[in-house]
Amino acid sequence: MGPQGLGLEITELRLGLPGGGGERSEKKRRVVCGGGGGGKNRDMDVVVVGWPPVCLYRKKSIQVRKMYVKVSMDGEPILRKVDLSCFQGYCDLGMALENLFHCHGIGEAMKEESESGEYVAIYEDKDGDWMLVGDVPWLMFTETCKRLGIKKRSDANGIVPCK
Amino acid sequence: MVYSLPEEVLEHVFSFITLDKDRNAVSLVCKSWYEIERWCRRRIFVGNCYAVSPSIMTRRFPEVRSVELKGKPHFADFNLVPEGWGGFACPWISEMSRAYPWLEEIRLKRMVVTDESLELISTSFKNFKVLVLSSCEGFSTDGLAAIAANCSEVMDLSGHWLSHFPNTCTSLESLNIACLGSEVSFSALERLVGRSPNLKILRLNRAVPLEKLSTLLCRAPQLVELGTGAYSSGIRSDVYSSLSKAFLGCKELKGLSGFWDVDPSYLLAFYSVCSRLTSLNLSYATIRSPDITKVISQCPNLQRLWVLDHVEDSGLNAVALSCKDLRELRVFPSDPYIADANVTLTEQGLVSVSEGCPKLQSVLYFCRQMSNSALITIARNRPNLICFRLCVIEPRAPDYLTLEPLDVGFGAIVEHCKELRRLSLSGLLTDRVFEYIGRHAKRLEMLSIAFAGNSDLGLHHVLSGCDGLRKLEIRDCPFGDKALLANVAKLETMRSLWMSSCAVSYGACKFLSQKMPMLNVEVIDENGSLDSRFDSCPVEKLYIYRTVAGPRSDMPGYIRTIDRDRVNTIS
């Protein structure tokens, strides 16, 4: 069926250079501030509905949260902070704590129920109880951990298991 | 003199013809073939539940055993279709319960299904075997409990509940509770799995802890497909050894999925099945590239791989080296709303896979940069592509090397991949890309366009050139009335057209509706009042589909079918 009688000729649809004259949508959606500027990980300035096309179920499953918690160490007046969402698991966390406080053995202490290592890592959970790091699945830990502490093993007799 | 074969012989011959399009062709040959064919058609697929009415279906095809229906438009997956739009399964299920007492299978996608409908299903069909609800809503575990309780023969059930299976049910073949948000009774699950020797597919939900997985696997070593629950545990548990022992026992396992909350140290537990795996879905596993690479390198027989962009280019290089049988690759974004990448996944990963995997047919790829040269390379490497969906995350992103539009790159894809059936575009695109698509993409059936084009000419190229086009979905493009009105006849050859945030006017919709009685032209406007629309007003969202059922009557107030007689529109 041709365009006759519709009052529209195909010849009205002009070939033009990209961005050249002719039809242009008056509706400009400012999606993202283009060009440079902005640091790493700047969020999209305007959230466009349904873009990128990721279905809701998937979006909910992989939500990224920042989880900064304070870390205190016996004898150290200055506390540190770590972002739990950056770590893959207990090993990562153990290494990071060892690096932050220059103390060995924290990671090992998490894994093994041994008496080696001078320090152990503990955390305060949502109920306000101080717990030994490493008992529960990692993600459950990140959800309940409110702050971390590094204690000398000799001071943590109450909760550190002995062989 | 016309000799004709006896009906029984013809019917027997027709029983070998399974494709809908062939069956449709058979029914057009002559009246008697039409009659014979309609009595022996057993499977019906309705791609748009509003294209035909339930009674039309049951009247023409009285002896159906399997029905598949789709409801909402695809863009409903991305929140572009408002609540209450429609897609109600109820009228279909009521009619089928009346007309098809021997119905065995019902498959519904993107439809609203109520508990009442599920109960009706559970009591209406004596021989019911398969219920599949994908991306459906509107029901609760009560409805599914009815299915479990009353359908003693149910063999394949993808759904949401569990503990109502009678103890005598031993024929279960497939159980999929992956979407279930809540915890299930593990003992009920264990008992059900234990008494189902035919269980081939088991997909658990996130709430099933890793500690329980080995128990289930030991009860079901015959599984072919497994979806794990959460895949991590406290660091001091000895889950690992029992898990790897359990996996060792699963000699038939070919597909793995699940892997929520993955702890990488447990990935090695399923190494024993890797060499047999044909399907691996790690798209919920936020593990880093080295761990993913380790797993993938152990899976030489992989045909389908779904993964997050944590796989990075290095992981995809490993895929290209190890997975020579790969047919389908999907790479999802781990952080879709951040503009700059925090993972090194670029166009290079896809290029590597296109080079290394000769059987690659289907691609879904989210990334943050793309170039024409990469697309051209991919097109040349893989002319056998059937489905190519590329999402460059930033809208209107140009070729990052030359800053030009990606027209030429996508043009190469459609030119080289002559069997391409599905294409999704992204990035900076002008009308030129549509010219290429119209010229070359003759087998294209589904096209998704966003933030692209300059003028109606772009849409015109697609509508006039893509002979096989069935579904067209467009958002945020400067396409207005002209292309639509110049191609009205085309719209009747397609299943549906969706346009949102474009430049189509209300007046054009009215005109279209008048001109084409076989189309429903539905206008969606959540903001204003549809009654006070001037002809020149642009419509917010437009959904046009062919139908033999006339305008539908189940729409919410913000949707109107433009009525041909120009009387007050139907609501």
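Buried means under 20% relative accessible area, exposed over 50%, and partly exposed in between, with a 1.4 Å probe and protein chains only. This is a predicted model, in which local features need pLDDT of at least 70 and side-chain atom pairs count only at pLDDT 80 or more, while totals for chains, interfaces and linings use all residues. Residues are numbered from 1 along each chain as its sequence is written, chains are lettered from A and ligands numbered from 1 in the order in which they are written, and side-chain values use heavy atoms, with hydrogens and water left out.

Start with chain B as a whole. Its secondary structure comes to 21 helices and 21 strands. Helices (H or I, at least four residues) and strands (E, at least two) are DSSP runs, numbered from the N terminus. Along the principal axes, the C-alpha atoms of chain B fill a box of roughly 70 × 65 × 60 Å. The radius of gyration of chain B is 25 Å, which agrees with the value near 25 Å for a compact globule of 571 residues. That radius is taken over C-alpha atoms, and the globule rule is 2.2 Å times the number of residues to the power 0.38.

Of the 571 residues of chain B, 60% count as buried. Contact means heavy atoms within 4.5 Å. Among contacts in chain B between residues at least 6 apart in sequence, 67% join residues at least 24 apart. The accessible surface of chain B is about 22,200 Å², and carbon and sulfur atoms hold 51% of it. Such areas come from the Shrake-Rupley method with a 1.4 Å probe; for residues, only the protein chains shown count as cover.

Now turn to the aromatic rings. Rings of Phe, Tyr and Trp (its six-membered ring) pair if their centres lie within 6.5 Å; planes under 30 degrees apart count as stacked, over 60 as edge-to-face and the rest as tilted. Over all chains, the whole structure has 24 aromatic pairs. One of them joins A:Tyr90 and A:Trp138 edge-to-face, at 5.1 Å centre to centre and 85° between the planes. This pair links distant parts of chain A: A:Tyr90 is in helix H2 (residues 90–101) and A:Trp138 in helix H4 (residues 138–144), 48 residues apart. Both A:Tyr90 and A:Trp138 are buried.

B:Phe434 and B:Phe479 have ring centres 5.7 Å apart and planes at 75°, so this pair is edge-to-face. B:Phe434 lies in helix H17 (residues 431–440) of chain B, and B:Phe479 in the loop between strand S17 (471–475) and helix H19 (481–486), so the pair ties together parts 45 residues apart in sequence. B:Phe434 is buried, with a relative accessible area of 0%. B:Phe479 also counts as buried, at 0% relative accessibility.

The loop between S17 and H19 of chain B also holds B:Asp476. Phi of B:Asp476 is near 55°, a positive value in a residue other than glycine. B:Asp476 counts as buried at 8% relative accessibility. B:Phe451, too, is a residue other than glycine with a positive phi, near 50°. B:Phe451 sits in the loop between strand S16 (446–450) and helix H18 (456–465) of chain B. At 3% relative accessibility, B:Phe451 counts as buried.

Two more places deserve a look. B:Val548 is in the loop between strand S20 (541–546) and strand S21 (559–561) of chain B. Not counting residues up to four places away in sequence, B:Val548 touches B:Ala51, B:Val52, B:Ile56 and B:Met518. In chain A, a cis peptide bond joins A:Trp51 and A:Pro52, with omega about -10°. A:Pro52 lies in the segment before helix H1 (56–61) of chain A.
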